[in-house]
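Open the model in your viewer and keep the selection panel at hand. The stops below say what to select and what is there.

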Amino acid sequence: MASTAIQHTLEHSGHSHDDHGHHHETFLTKYVFSQDHKMIAKQFLITGIIMAVIGMLLSILFRIQLGWPDQSFPLLETFLGKWAEGGRIKPDFYLALVTIHGTIMVFFVLTAGLSGTFSNLLIPLQLGARDMASPFVNMLSFWFFFTACVIMMASFFVESGPASAGWTIYPPLSALPQAISGSAAGMTLWLVSMVLFIASSLMGALNYISTVLNMRTKGMDMWKMPLTIWAFFLTAILGVLSFPVLVSGVVLLIFDRSFGTSFYLSEIVVQGQILPQQGGSPILFQHLFWFLGHPEVYIVIMPALGITSEVIATNSRKPIFGYHAMVYSLIGISVLSFIVWGHHMFVTGMNPFLGGVFMITTLIIAVPSAVKTFNYLATMWRGNIRFTPAMLFAIGLVSFFISGGLTGIFLGNAALDIPLHDTYFVVAHFHLVMGSAAICGMLCGVYHWFPKMFGRMMDDKLGYLHFWFTFIGAYLVFFPMHFMGLDGVPRRYYAFTEFEFMKEWLTVNTFVSWAAIIAAVGQIAFLWNFFYSIFYGKKTTQNPWGSNTMEWTTPIEHLHGNWPGEIPTVYRWPYDYSKPGHSEDFIPQTTPFSQTMSSNLPHDFEGNPEAERIQIEWQKKQQAEGEQGV
Amino acid sequence: MTAYSMTQNSFEKDRDSLKAKKFMMWLFMVSSFIYFAGLTSGFIVYTAGDPSRGINTILPDSFNYSTAIIALSSLTMHLAYMAGKKLQFKSQNAYLVLTALLGIVFLVIQFRAWGVLFNRGITFTGNPNASQSFIYVFVASHLLHIVMGIILLLQALKFRLAKVDPMRNTFRLEVTSIFWHFIDILWIYLYVFLLLNQ
């Protein structure tokens, strides 16, 4: 009977009621076209991990070129054929590598892999919902994403090669198929892939927002939601408000590429030929792109911040410091992220007054970001810290967020940005603050919620090994780049051998390449740990981390609808760790105050006079009994 | 738990989930509106870049007619919704078909408006004044929504009148009518935007 009810709940609207009662699950409906949010989360995660490995391998390829520009590696020719004739990567292919590396990492790993995995897994589980608002749209979201991945990878197999205009695909390079080889079929595939990707992430975001607003269990008001949910919720809002603008930019780009309009193109001569397009404005594309592009970096980092909040509080055995401040700073970041896009365009001939406005809004973002950072530190301060792998990665995020965020203040200043623009300083900045920090947040989430996803534990020792390789590796790779950037070394250059002033950086590049290779090798520890533990890991207990949130009240064996009977009710906020007077150092959200009389505090009752009266009576009784005892 | 309370519980849950699904339609409209906001602000940024840019023509009269048609179709959509709520499925079907037909008429008129523009030499491609190309992009993107709306309308048709589940029917009608009114308002927004800039 229970399963009937649950299934009824999960049914997609408009579809038949025919198969009431039993639950027929085939391989296809359970593992492939699954509509269960937990399975979809795993699908996103594993696809994301595969894309991350591909993105990382691409970066190793161009690191080999940058580290040893004059050396020949015959093995490269074996694998890459004409892209690495004579064992050296060709300049065209180098540009394709950096473009696809950026695209994969920003969109496919840190947007879909991160939000897709953890929003799908945690929103229903931590809010007490049977599934997403529309499980069917959720399934579509994954399959659009998967198709986008396949198309993006397919661009490696077209003759002219993948897109090479950089992940920002500025026209005219991206708008003229004849411009460079990477602007031909590869660019078309890039655009098709991105349109599917945007459709996927919009479908996901609609589901996340609607589920958070409509499907919380009894007692779960917005101010009792874990910070993870707040972060996913606000991230989804950013996605809904910013991705459509990228669509409009891309649509105009497609018209320019394929229909001969001139939205972005004007007065261009290619190979001695004057092109007919007149009157377009390439800056228009930058406006449309960065109106998405800047919120996008917060789409990448905010889920990671949310995950970290949860993991740091749990593993410090302390309530998160400044819960409300954490939420308001997330809201502040979300709002501000829409009015800072111009800081990517200081060198486009922008009116200096307008640049000044963008500079001020940009620098204000430092305030909510700093609030979050200090709150993390204050949460850990004098906590009873358990250094699980997840906790280490959470601390890693805080570290990268600080060191990468500080250089953001440099780059946000128009006067400093003009000399630093398009140098390795920018590369160092965003790889630390959104690359390394967000990937740490993602890995932190994987280690923390692996038992929930697969019912088994990951190995701690391999986790520690993985953490130190990743953490030290990332700093060794990206920190030297600051100094290269300050010296004016431009990004995206194929080799440092042609310019006198760049030659002294060759040795640094070799060092960075070695660091990148070693850090990449360290990821094997993760991959082995992850895939091995899915099948052979130690079986998990119900609540392995002693956590307060609701996902740990669901059975270890997954079932459709998450909870076998009624969904539990929520009574308290999710951060009652080490509450004085309680026998354990955590009190789950589903524990009513009537069961924790010894630890209740006056403000727990939110001005409910009846509850306060009962508590005071109980305390008087306890006191009286105590005096009798004496 | 008794069977009775279980069914009632699931019934309530179903309603909850329908509410959440309806909310997704609202969110979709938000994102769709942002898309058009992106296009229109693109138009503003582009047109402000140079005094020679701009629409520089009188918009075809056809747009007035199509605006009247789409406004009328909103009315028939509402009548279909009211009929569905009163469980009059036959007249619900009739109004839905009427709405879809008006949608097709709208589509045809928009195409004719393009023809008028084209004959004046205001082309989509090869036009150095892309402000004029924007008219085509606005209309085409909107027409894509009209096509989606017509698909939703056809999906809301009921063929086996005996088997209609009133709750799901009303839900479907609501979603369809919200969307249809939205694309009506969306066109009015685009048209007023163009009129203000002509």
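Two residues are in contact if their C-beta atoms, placed from the backbone, lie within 7 Å. Bear in mind throughout that this is a predicted model.

Start by selecting the contact between the two chains: 40 residues come from chain B and 40 residues from chain A. On the side of chain B that touches chain A, α1 (3-48), α4 (130-155) and α5 (166-197) of chain B each supply at least two residues. Sorted by class, the side of chain B that touches chain A holds 19 nonpolar, 13 polar and eight charged residues.

How many helices and strands are in chain B? There are five helices and zero strands, in the order α-α-α-α-α along the sequence. The C-alpha atoms of chain B fill a box of roughly 75 × 35 × 25 Å along the principal axes. The radius of gyration of chain B is 21 Å, whereas a compact globule of 198 residues would be near 16 Å. Of the 198 residues of chain B, 37% count as buried.

Move to chain A and select helix α5 (residues 91-127) and helix α15 (residues 424-454). Their axes come within 11 Å and cross at roughly 30°, and the crossing of α5(A) past α15(A) is left-handed. Show side chains at this contact, including A:Leu110, A:Leu114 and A:Phe118 of α5(A) and A:Ile439, A:Met442 and A:Trp449 of α15(A). By class, the contact of α5(A) with α15(A) has ten nonpolar, three polar and no charged residues.

Definitions and conventions:
Residues are numbered from 1 along each chain as its sequence is written. Chains are lettered from A and ligands numbered from 1 in the order in which they are written. This is a predicted model: local features need pLDDT of at least 70, side-chain atom pairs count only at pLDDT 80 or more; totals for chains, interfaces and linings use all residues. Helices (H or I, at least four residues) and strands (E, at least two) are DSSP runs, numbered from the N terminus. Ala, Val, Leu, Ile, Met, Phe, Trp, Tyr, Cys and Pro count as nonpolar, Asp, Glu, Lys and Arg as charged, and the others, Gly among them, as polar. Axes are lines fitted to C-alpha atoms, for helices over the stretch in contact, and angles run from 0 to 180 degrees between N-to-C directions. A crossing is left-handed if the near helix is turned anticlockwise from the far one by less than a right angle, and right-handed if clockwise. The radius of gyration is taken over C-alpha atoms; the globule rule is 2.2 Å times the number of residues to the power 0.38. A residue is buried if 20 or more other C-beta atoms lie within 10 Å of its own, exposed if 12 or fewer, and partly exposed in between; C-beta atoms are placed from the backbone.
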